[in-house]
Amino acid sequence: MGGATDCVPYGKAPSGTWYNGIRQHELDGDPSFSPHMCSEHQPLPKTIYVLMSCMHYKEAHCVTVCPTGASHKRTEDGIVLVDPDRCVGFNYCAWACPYGALELDANKGVMKKCSLCVDRIYDQQLPKAKRQPACVLACPTHARHFGDCDDLASKVSMLTASRGRKNILGELGYKLTNAYLSMREPVQIDAIPLRQGFSETAKAFVSRLIQI
Amino acid sequence: MKPAFSVIFFTIASGAGLGLMVWWLVASMMRHHIRMPHSTFIMGMALAALLITAGLCSSNLHLANRKNAIYASSRFKTSWLSREGVFALAPDPVAAIYIWLFFASASSITLNTVTWILIALAIVILFCTGMIYGCLKTIPRWNSWLTPMKYVLLAGTQNRIALRADSLAGLTGAIVVLPQGVAFATRAGMPTEYGLYSAMVQCVIAALFGSSRVMMAGPANAISLTILATMVPFAAVGSDRCAALVLTLTLMVGVW
């Protein structure tokens, strides 16, 4: 396999907005995140990826700070959307969003954000299995899930019940709608002793002799 | 979070204009006790109005989609920006009434009532502007009741005498002390930026603990050479150790 041949996949000066930012964090020094140790005191670093798209919070800050009412939370399904016919492109909601989920579209002059693929999930033309946000369908390891958290029998409810949901900005008083699943318990690998005692070495030698 | 230049200009200009307006109005109510020519008052108010208007116009400059600005007051219930927008327009009719009363030589009580309404409105606008920044939970340094307070107080420092004296002092400092400080720091064998630090820190110290208001405090020529001569046997010129030793020396000189 070669490297990526297209070094500038989006052209020389890409313009547009991110709907679905993903931030990479390298954690080190915290044994709870990284159980495998380089040495006794130095845990191995662990890379985690945090999804930074809109979380559609219950009391979304971008909605309360918006002066025009362009940012709104739909009453029927709770999706936070920006109405381009009311947006003044002030960029103030971008300051208020803890995820950086809102960006100003320089060409259209309005704020753009993740819409939870509102066009896809209600599209009657699509087969039922495909009525999900594009990011959920695209994720090859199925790390993202989509469903109704209020319906206790749904797949997402069972997942959150079994794995727990994590509110990473609880200290700012945001109430969850979308959630992060808690990290899986890391797989414990039994440490291989580097130096065996004499009796073990002798036993291994004898068993090898017998096998020959 | 890159604030547009027009946002910064709006915050400063409208704050300064409103603060200036408040003080001119206070002065106008004391017109029987202080000598103030009519023309001075009108000029001052015109400057304040100019600053406020310039600020408001500039706040519209960075809107990417100006045609939707008509909705900007529709979320008065939740948004401080919306509240600020509503209150920013409220003084205009009041100011019109004030000007009419002023030139119609209305009774003192009527004029004073309108004056107080204008002052109150100005403070409300300043508070709302401060809260635009203060209500953002995502910026913990701003998310405090101190933010609107600071903004109101900052606007309150805008009066004619302070504005003039502060800008003159600032200019003098920039022209004289800044290059001098850098040069003296080099001469004392210190990293150049320490010249700037010493120019800044000593202003505060001299203002708080200085024994006389006519004594000048600033970086001095002779002392920098003395410091170099003292430091040479102990540390390499310009090294971190040299800086640490000079700071120790400064503290010791200050204490004794």
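Predicted model: local features only at pLDDT ≥ 70, side-chain atom pairs only at ≥ 80, totals over all residues.
Residues are numbered from 1 along each chain as its sequence is written, chains are lettered from A in the order in which they are written, and side-chain values use heavy atoms, without hydrogens and water.

Begin with chain A coloured by secondary structure: 6 helices and 8 strands are present, where helices are DSSP runs of H or I with at least four residues and strands are runs of E with at least two. From the N terminus, their order is β-β-α-β-β-α-β-β-α-α-α-β-β-α.

Next, display the surface of chain A. Its accessible area is about 14600 Å², 57% of it from carbon and sulfur atoms (Shrake-Rupley method, 1.4 Å probe). Of the 212 residues, 30% are buried (under 20% relative accessible area; exposed is over 50%, partly exposed in between).

Now select A:Arg74, A:Glu76 and A:Asp77, which a network of salt bridges links (a side-chain nitrogen of Lys or Arg within 4 Å of a carboxyl oxygen of Asp or Glu). The closest N and O atoms of A:Arg74 and A:Glu76 are 3.7 Å apart, whereas A:Arg74 and A:Asp77 meet at 2.7 Å. A:Glu76 is exposed at 59%; A:Asp77 is partly exposed at 27%.

Finally, select A:Asp105 and A:Lys112, whose salt bridge has its closest N and O atoms 2.9 Å apart. Here A:Asp105 is buried, with a relative accessible area of 8%. Over all chains, the count is 3 salt bridges.

Conventions: Buried < 20%, exposed > 50% of the residue type's maximum accessible area, 1.4 Å probe, protein only.
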